[in-house]
Amino acid sequence: MQVRFVDPLLRSPIVSEVAYEAMVKLARCTAPPLCNWALDIATALRLIVTEEDRVLLDLIPLVGDGEANDRPSLGLFERIINGLSVSCKSGPLPVDSFTFVFPIIERILISSKKTGLHDDVLRILYLHMDPLLPLPRLRMLSVLYHVLGVIPAYQASIGPALNELSLGLQPNEVAPALCGVYAKDVHVRMACLNAVKCIPAVASRSLPENVDVATSIWIALHDPEKSIAEAAEDIWDRYGHDFGTDYSGLFKALSHCNYNVRLAAAEALAAALDENPDSIQESLSTLFSLYIRDAGFGDENIDAGWLGRQGIALALHSAADVLRTKDLPVVMTFLISRALADPNADVRGRMINAGILIIDKHGRENVSLLFPIFENYLNKTASDEEKYDLVREGVVIFTGALAKHLAKDDPKVHAVVEKLLDVLNTPSEAVQRAVSACLSPLMQSKQDDASTLVSLLLDHLMKSDKYGERRGAAFGLAGVVKGLGISSLKKCGIVAVLQEGLLDRNSAKCREGALLGFECLCETLGRLFEPYVIQMLPLLLVSFSDQVVAVREAAECAARAMMSQLSAQGVKLVLPSLLKVGSVKSIAIRFLVCLT
């Protein structure tokens, strides 16, 4: 049946009616009794080719629409599936008849939710698995991967079906069969790998070298889910060839719609570069070109290329270990000239994290190489204030990350700390967290100025008019205390100031600021802060019933941070205080929520 020649003609404004008549005649050639539904089959095939998905979905009953017998008449797709069920009672259809109606089966199964026809359609599909017949196996595999992602409950039946289908795949079909490793769901990726192991060429270790096959397995080998990576190891061993230096598939996967694929592709690229250092320079150039390309996608309101740019940030982060000294100026220049001014906050934050990691890995040996790059930018006059501010924040953070490799008495350290404190006012949590992490190692050089530094941050924390500045001060305070040591909490009177702030009934800003400081100290210091948690708990509980919404929200965030860090013994110690307010049910319940 030459359906593939008729399908495109159904869309033609000139010959569509003639093409439909031909489709009806072809449908009448299917095996009896299926041919009795020829008109319905031809109509459905025409709809699939010509109508929008939304229109088709309206024609397919969803689960919960009621039993077919309860409705006055069956819909088009229901009549066809009934006909298929009747036709398959005595066994599978002939392969040509099954292939002819498969687009209808496929269209029902690629629905974004379970339909009332799924069970019957899958039963029909499972009858047609013979490894010797010329079935549309790759399309069958693909649709089963989709169903498994939408309806995990089918896993018990779809897993064996995928394995059975794979028994009939040829070596040149392995690459498309591996499309399941790009799925969002772990169970779909695992089902794909298990199925691929059943392909005869894979099982017998006789796969020819193929870059698409190698790319998919290599990405699975670096999957963020450990179980997937372990399953892929066996397939890679059976593949038996080197990965090589064709990274085109990895570059493409960096912009995949699923985050797990972008992350795996980044790790896979880093591993490939580690094996082939000579390809690093060319690969970096490709990444930078892709970034420029993706930065131009979309219009003023839609940033269509941000996923690809995020993938490039992930790749630079993963490749931090494998970069060589000669690569550092190129990467840092790219970050400063392009990436730190990215319009997407997530991409920008990840680019900053990539730069910090690169500096952490290579900064000690390359201070004299990198410091002039950062200083040159900071000394420049801004031509675009908004862009300059974004980049300056990142460069200051890079400078802070590099400064920890300077000598303690180097005067540059003090200048860097001043710049980091200034950047703390940026209303971005990612930036503030990065600054906090940079401040800690620099505090060994600021022991003499510790009290002044802490007082400045506490003042901002309690009195600043802007929430972003108060939160930045909280992160800065936590980073400074971590660097100075836990004893600074008492030495600098930090806990006393926070307690006073919580007790200040005249200033909601002070109460909220104290809670922000409490939250960040809990999160940054972890269990080292536990003794002070017990001490401040009664005041924290009172804040749950504060008249100001912002204070109550800050109390909940602080409680979550506190409970996430408490040891088992710490939990026992806080329970008595909690039980004392047990009579005030709303406070007790809201606090207990933070335990979960």
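Which residue just after α14 takes a positive phi? Gly-240 does, with a phi of about 75°.

## Basis of the model

This is a predicted model, in which local features need pLDDT of at least 70 and side-chain atom pairs count only at pLDDT 80 or more, while totals for chains, interfaces and linings use all residues. Residues are numbered from 1 along each chain as its sequence is written, and side-chain values use heavy atoms, with hydrogens and water left out.

## Helix α14 and its surroundings

Helix α14 covers residues 226–239; helices here are DSSP runs (H or I, at least four residues), numbered from the N terminus, and strands are runs of E of at least two. The 14 residues of α14 reach 20 Å from the first C-alpha to the last, close to the 20 Å expected at 1.5 Å a residue. The expected span is 1.5 Å times one less than the number of residues.

Buried residues of α14 are Ile-228, Ala-229, Ala-231, Ala-232, Ile-235, Trp-236 and Tyr-239. Buried means under 20% relative accessible area, exposed over 50%, and partly exposed in between (1.4 Å probe, protein chains only). The cover over these residues includes α11 (186–197), α12 (200–203) and α13 (211–221).

## Packing of α13 on α14

Two packed helices are described by the angle between their axes and the distance between the axes. For α13 and α14 the angle is about 145° and the axes are 7 Å apart. Axes are lines fitted to C-alpha atoms, for helices over the stretch in contact, and angles run from 0 to 180 degrees between N-to-C directions. The α13 and α14 crossing is left-handed, a term for a near helix turned anticlockwise from the far one by less than a right angle, with right-handed used if clockwise.

On the α13 side, the contact is made by Val-213, Ala-214, Ile-217, Trp-218, Ala-220 and Leu-221. On the α14 side, Ile-228, Ala-229, Ala-232, Glu-233, Ile-235, Trp-236 and Tyr-239 take part. Contact means heavy atoms within 4.5 Å.

## Salt bridges

Side chains of opposite charge can pair when their charged atoms come close. A salt bridge here is a side-chain nitrogen of Lys or Arg within 4 Å of a carboxyl oxygen of Asp or Glu, and the count by this rule comes to 29. One of them joins Lys-197 and Asp-234 (3.9 Å, N to O). Lys-197 lies in helix α11 and Asp-234 in helix α14, so this pair ties together parts that are 37 residues apart in sequence. Lys-197 is partly exposed at 25% relative accessibility, as is Asp-234 at 26%.

Asp-342 and Arg-309 form another salt bridge (2.5 Å, N to O). Asp-342 is in the loop between α19 (328–337) and α20 (345–362), and Arg-309 is in helix α18 (residues 306–318), 33 residues apart. Asp-342 is buried, with a relative accessible area of 0%, and Arg-309 is buried at 1%. Within helix α31 (residues 549–565), Arg-560 and Glu-556 are four residues apart, about one helical turn. Their closest N and O atoms are 3.9 Å apart in a salt bridge, and Arg-560 is partly exposed, with a relative accessible area of 40%.

## The network around Glu-519

Salt bridges link Glu-429, Arg-433, Arg-471, Glu-519 and Glu-523 in a network. Glu-519 lies in helix α29 (residues 508–525) and counts as buried at 8% relative accessibility. Leaving aside neighbours within four places in sequence, Glu-519 is in contact with Arg-471, Cys-557, Ala-558 and Ala-561.

## Cysteines

Zero disulfides are found in a search of the whole structure; a disulfide is a pair of cysteine sulfur atoms within 2.5 Å. For Cys-29, the nearest cysteine sulfur is that of Cys-35, 9.0 Å away. Cys-29 is exposed at 55% relative accessibility. By contrast, Cys-438 is buried, with a relative accessible area of 4%. The closest cysteine sulfur to that of Cys-438 is in Cys-520, 16 Å away and too far for a bond.

## Two further sites

His-118 lies in helix α7 (residues 118–126) and is buried, with a relative accessible area of 1%. Beyond neighbours within four places in sequence, the contacts of His-118 are Ile-108, Leu-109, Ser-111, Lys-113, Val-147, Ile-151 and Tyr-154.

Ala-407 is in the loop between α22 (385–403) and α23 (412–423) and is partly exposed, with a relative accessible area of 43%. Ala-407 and Ser-445 are 38 residues apart in sequence and 8.5 Å apart in space, C-alpha to C-alpha.
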